[in-house]
Amino acid sequence: MRILVVNGPNLSMLGTRQPEIYGSMSLAEIIAEMREHAAGRGHELADFQSNHEGSAIDRLEQRDFDALIINPGAWTHYSYALRDALAALSCPIIEVHISDVEAREDFRKINVIRDVTSAHIVGRGWPGYLEAIDALG
Ligand code: DQA
């Protein structure tokens with residue numbers, strides 16, 4: 001299976017960004033762990049990170065993947081454009097959040113994409129990305 005991993009805004013700063021909330025693993029380290037985990041299950045992994053909503057939507061429009069793992073960062077809470085892009089996909093979509101968005105500020109409890117995703121993994125730290133691969137089977 002070709003898995004695409006998309007990370008949204010500010011996730012490029014993982015490792016130094018509020019490590020008490022998001023941990024000390026950099027995005028590059030997480031992707032390396034994911035790639036190894038995926039390979040062990042016979043999957044290929046491509047990754048994409050952007051701070052720009054339109055660029056992420058352009059990437060999704062390439063349709064060169066069989067499953068999507070996405071941490072949309074703050075887009076989760078307000079982006080109907082991303083929601084529409086996800087709704088247009090027919091492949092499995094696993095939503096990942098490193099932190100427990102339900103237990104933080106009220107605005108993080110708003111989620112405009114959840115009902116167009118297949119599953120969500122929330123508050124499990126960076127290993128949640130590995131769980132997302134497992135969720136794909
Ligand atoms: C996040 C949670 C979002 O609320 C936040 O805007 C992020 C990261 C997470 O992984 O916990 O950027 O998606």
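**Figure 1. Overall fold of the protein chain in the predicted model.** The protein chain holds five helices and five strands, and this is a predicted model. Followed along the sequence, these elements occur in the pattern β-α-α-β-α-β-α-β-β-α. The C-alpha atoms fill a box of roughly 35 × 30 × 25 Å along the principal axes, and the radius of gyration of 14 Å agrees with the value near 14 Å that a compact globule of 137 residues would have. Of the 137 residues, 32% count as buried, and among contacts between residues at least 6 apart in sequence, 73% join residues at least 24 apart.

Figure 2. An unreviewed UniProt entry lists Tyr22 and His97 for "active site". The two residues span 76 residues in sequence, yet their C-alpha atoms are not more than 9.4 Å apart, so they gather at one spot.

**Figure 3. Surroundings of Tyr22.** When residues up to four places away in sequence are left out, Tyr22 touches Leu14, Arg17, Ile98 and Ser99.

**Figure 4. Surroundings of His97.** His97 is placed in strand E4, residues 93-97, and is buried, with 21 other C-beta atoms within 10 Å. Apart from neighbours within four places in sequence, His97 is in contact with Asn71, Val122 and Gly123.

**Figure 5. The shell around the ligand.** Asn10, Asn71, Gly73, Ala74, Thr76, His97, Ile98, Ser99, Val101 and Arg108 surround the ligand. By residue class, this shell divides into six polar, three nonpolar and one charged.

**Figure 6. The largest nonpolar core.** In soluble globular proteins, nonpolar side chains tend to be buried together. The largest nonpolar core here comprises 32 residues, of which Ile3, Val5, Met34, Leu68, Ile69, Tyr129 and Ala132 touch the most other members. At least two residues of this core are supplied by each of strand E1 (2-7), helix H2 (27-40), helix H3 (53-60), strand E3 (67-71), helix H4 (80-87), E4 and helix H5 (127-135). Ala132, when residues up to four places away in sequence are not counted, touches Ile69, Ile94, Val96 and Ile121.

How values were computed: Residues are numbered from 1 along each chain as its sequence is written. This is a predicted model: local features need pLDDT of at least 70, side-chain atom pairs count only at pLDDT 80 or more; totals for chains, interfaces and linings use all residues. UniProt positions are given in the numbering used here, feature names are shortened, and annotations may be inferred rather than shown by experiment. Two residues are in contact if their C-beta atoms, placed from the backbone, lie within 7 Å. Helices (H or I, at least four residues) and strands (E, at least two) are DSSP runs, numbered from the N terminus. A residue is buried if 20 or more other C-beta atoms lie within 10 Å of its own, exposed if 12 or fewer, and partly exposed in between; C-beta atoms are placed from the backbone. A residue is near a molecule or strand if its C-beta atom, placed from the backbone, lies within 6 Å of it. Ala, Val, Leu, Ile, Met, Phe, Trp, Tyr, Cys and Pro count as nonpolar, Asp, Glu, Lys and Arg as charged, and the others, Gly among them, as polar. A nonpolar core is a set of buried Ala, Val, Leu, Ile, Met, Phe, Trp, Tyr and Cys residues joined through C-beta atoms within 7 Å. The radius of gyration is taken over C-alpha atoms; the globule rule is 2.2 Å times the number of residues to the power 0.38.
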